[in-house]
Amino acid sequence: MGVKKFIELVTETLGLDEMKKSSKKKSVKNLLKKLNSKKDAISKRLKAKLSKKKTKELNEEMEIIQFQIKKGEVILKKLNS
Amino acid sequence: MLRRIFLPAILIILGYGFWISPDFKEIAAGVAIFLFGMITLEEGFKAFSGGTLEKILKKSTDKLYKSIGFGFIATAIMQSSSLVSVLTISFIGAGLIGLTQGIGIILGANIGTTTGAWLMAGFGLKVKISAYAMPMLAFGVILIFQKAKSIKGIGYILAGLGFLFLGIHYMKDGFEAFKETIDLASFAVDGFKGLLIFIGIGILATVVMQSSHATIVLILAALSVGQITYDNALALTIGANIGTTITAVLGSLSSNIDGKRLAGAHLIFNVVTALVAIVLMNQIISVVDVISDFIGIANDNHTLKLAVFDSLFKVMGVIMFIPFVDKLVKFLESNLKGKDKQEVESYESVQYLNDSVLELPATAMAAIVRETKHLYINAFEIIAHGLNLKRTNILSEMELEDVIKEGYSKNIVDIDDFYEHRIKGVYGEIIDFATQAQSKMSPEDIEDLYALKIASRDIVDAVKDTKHLQKNLVKYKNNLNNHIQEQYDGIRIGLAELLRGIDVVSKMSEEDEVIVLLSKMKVNMQRYDILANGTLDNLIRNNLITNEMATSLMNDSAYAYEISKHFIAMAEIIFIDVSSDIKNLGEDMLISDEEVDKILEKGD
């Protein structure tokens, strides 16, 4: 067994690659959690009576958050596969 | 002059020593291997200092006791107080910690060095240490040749420890053999005279070896075979403690003023502690005997008793200094002053970039991030004043319509002059420093560094765009055509909103808020683009503005768009860095231009 393979084996056995991956997963999950709670908060606010300008602003923010949630889910899916 | 004589003198003394005694050769080789081990060990720890350094430092140095604990642990692990002091100077230089925290780390590092004496006295002298050295060296060197930074780091640490152990083995063997030919103990000097002479030798030995740790190991090796007396060994230990400050003083020469103040604190602390130890020498020796008895160290076990002495007098020094840390900071701040303020104000210079932060890639990176933020603060002011807006109004909760009504000055602000004095020099130094720093960086770090250089360029470009925009803002300020005035007011409102938003982002710590706000700014930037939203077409079609006005407006709208684009791009690099969660995800979470278009289409 070559030195390179030995190192790879040690890295694999100690799960160093997995550690890096799981830290990224944790970051995405954290972010998704925050974004989802933000989305819920905006949904609640949109149910109340608001001015046209405010409703437009909140709808736009909702759109942005939805895009970001989608992006986060794609990243998470990639990390899980 | 002294430096020119110093090195040849050392080489001649060593050469003569090798000539007359092969055992001296073994001791000297042991010291050389030990020092090489320390260099290798330092290299290994540097490989692990990137990434989360800033976070760790913030959490572990926010209180004085935590700073002391951090210094103690770092030194106990790395076995080098010199490395810890040089790194602390580097942290201060990069603005990662303040002077008080730095002094705390140095106090802790002083206690941390005592672990070396305990390890050597309790373990190094009792077992055949070279048996551990060989496998460490073999494994270490194999790992050093690997590409991965962390594995390489482990390799350096293993090899470093291997060399340390091997060095100790040679020193020990050398002294044992040396004893058979020359008895150094016959040169022992008793009393106060002996105390002063051996303190001097301790200082000199540490200055030559640049390591108090190496000196103490050497003292213990000599003491273990009776080549020096216990009393003289105590004096040598005090001398080593003073000599070690020279490394910190030399390290601070290339640092900023806080780095120099820290080296000053280190010097004051060690010299005062040594003076107190000299005055209370007999009492300290009695206490050492009592402690040794209490923990079961035999009366004739001088090596372990030396370790007790080393710990006692250093802990005593730290306890003595803790109540005076704030006073020491004030004393150093009033006696060691930075550049004249007037000089700083006329041509603004960099605040965080100095040679001391080049010590570690992580501190160099942190310093460049901070300097880029400094450049952004200057640019913020120039852009605000260039748009004839008050910075304080932008940062307040005032309605933006009111912000643009209250101008900054009746006179035209000279952006060129501002640029020359507060942007150009700082930008040039950032680029120059980044080029120097990247030679020590990994490919991933170089990528981050490249992004930072782009962020600095974005800032500079935004200032230049403001200069172009300012010309017509002034020209159409009091124009009788309300439509053109309205458009220019709209540009000013849009940019004021952008500056306010960027300022909010710069102070945010919640990553979800940061990315949502930056995305909102991107949407707004597109919305204010009068070329894309049809406003300009409408004005021309209905003959509301002249052709000349249309051309100006078209150009200036493009400038405003570019300013926004540059500032948002810059914020994505320098402010997202604050949150490790998003940094971990990179650009993957940020909204793209196509997505911005989709959001705008839906909104319409």
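User: Is B:Lys520 buried, partly exposed or exposed, and what is its relative accessible area?

Analyst: This is a predicted model, and the classes used here set buried at under 20% relative accessible area and exposed at over 50%, with partly exposed in between. B:Lys520 is placed in the intermediate class, partly exposed, because its relative accessible area is 27%.

User: With which residue do the side chains of B:Lys520 meet in a salt bridge, and in which helix is that residue found?

Analyst: The N to O distance in this salt bridge is 2.9 Å, and the partner of B:Lys520 is A:Glu61. B:Lys520 lies in helix H24 of chain B and A:Glu61 lies in a helix of chain A, so the pair joins two chains. A:Glu61 itself is buried, with a relative accessible area of 12%. The residue asked for is therefore A:Glu61, and its helix is H3 (residues 52–80).

User: Which residue of chain A forms a salt bridge with B:Glu513?

Analyst: The closest N and O atoms of this pair are 3.2 Å apart. B:Glu513 lies in helix H24 (residues 511–527) of chain B and its partner in helix H2 (residues 16–47) of chain A, so this pair joins two chains.

User: How many residues apart are B:Lys522 and B:Glu572, and are they buried or exposed?

Analyst: The side chains of B:Lys522 and B:Glu572 meet in a salt bridge, at 3.3 Å from N to O. The pair links distant parts of the chain, with B:Lys522 in helix H24 of chain B and B:Glu572 in helix H26 of chain B, 50 residues apart. As for accessibility, both B:Lys522 and B:Glu572 are buried.

User: Which residues gather with B:Glu594 in a patch of negative charge on the surface?

Analyst: B:Glu594 is found in helix H28 (residues 593–603) of chain B, and it counts as exposed because its relative accessibility is 55%. The residues that gather with B:Glu594 in the patch are B:Asp593, B:Asp597 and B:Glu601.

User: Which residues does B:Arg492 touch, leaving aside those up to four places away in sequence?

Analyst: B:Arg492 lies in helix H23 (residues 482–507) of chain B, and it is classed as buried because its relative accessible area is 10%. From C-alpha to C-alpha, B:Arg492 and B:Leu400 are 9.0 Å apart in space, although 92 residues separate them in sequence. The residues that B:Arg492 touches are B:Leu387, B:Asn388, B:Leu389, B:Ile404 and B:Leu473.

User: What is the phi of B:Asn388, and where does this residue lie?

Analyst: B:Asn388 counts as buried because its relative accessibility is 16%, and it lies in the loop between helix H18 (361–386) and helix H19 (391–395) of chain B. Its phi is positive in a residue other than glycine, with a value near 60°.

User: Is B:Asn543 buried or exposed?

Analyst: B:Asn543 lies in the loop between helix H25 (535–541) and helix H26 (547–574) of chain B, and its phi is a positive value near 50°. Because its relative accessible area is 67%, B:Asn543 is exposed.

Key. Residues numbered from 1 in each chain as written. Chains lettered and ligands numbered in written order. Predicted model: local features only at pLDDT ≥ 70, side-chain atom pairs only at ≥ 80, totals over all residues. Heavy atoms only, no water. Helix = DSSP H or I, 4+ residues; strand = E, 2+ residues; numbered from the N terminus. Buried < 20%, exposed > 50% of the residue type's maximum accessible area, 1.4 Å probe, protein only. Contact = heavy atoms within 4.5 Å. Patch = residues over 30% accessible without salt bridge, like charges linked within 9 Å, V, L, I, M, F, W, Y side chains within 5 Å. Areas by Shrake-Rupley, 256 points an atom, 1.4 Å probe, with all protein chains shown as cover. Salt bridge = Lys/Arg side-chain N within 4 Å of Asp/Glu carboxyl O. Lys, Arg positive; Asp, Glu negative; His and termini not counted. Charge placed at Lys NZ, Arg CZ, Asp CG, Glu CD.
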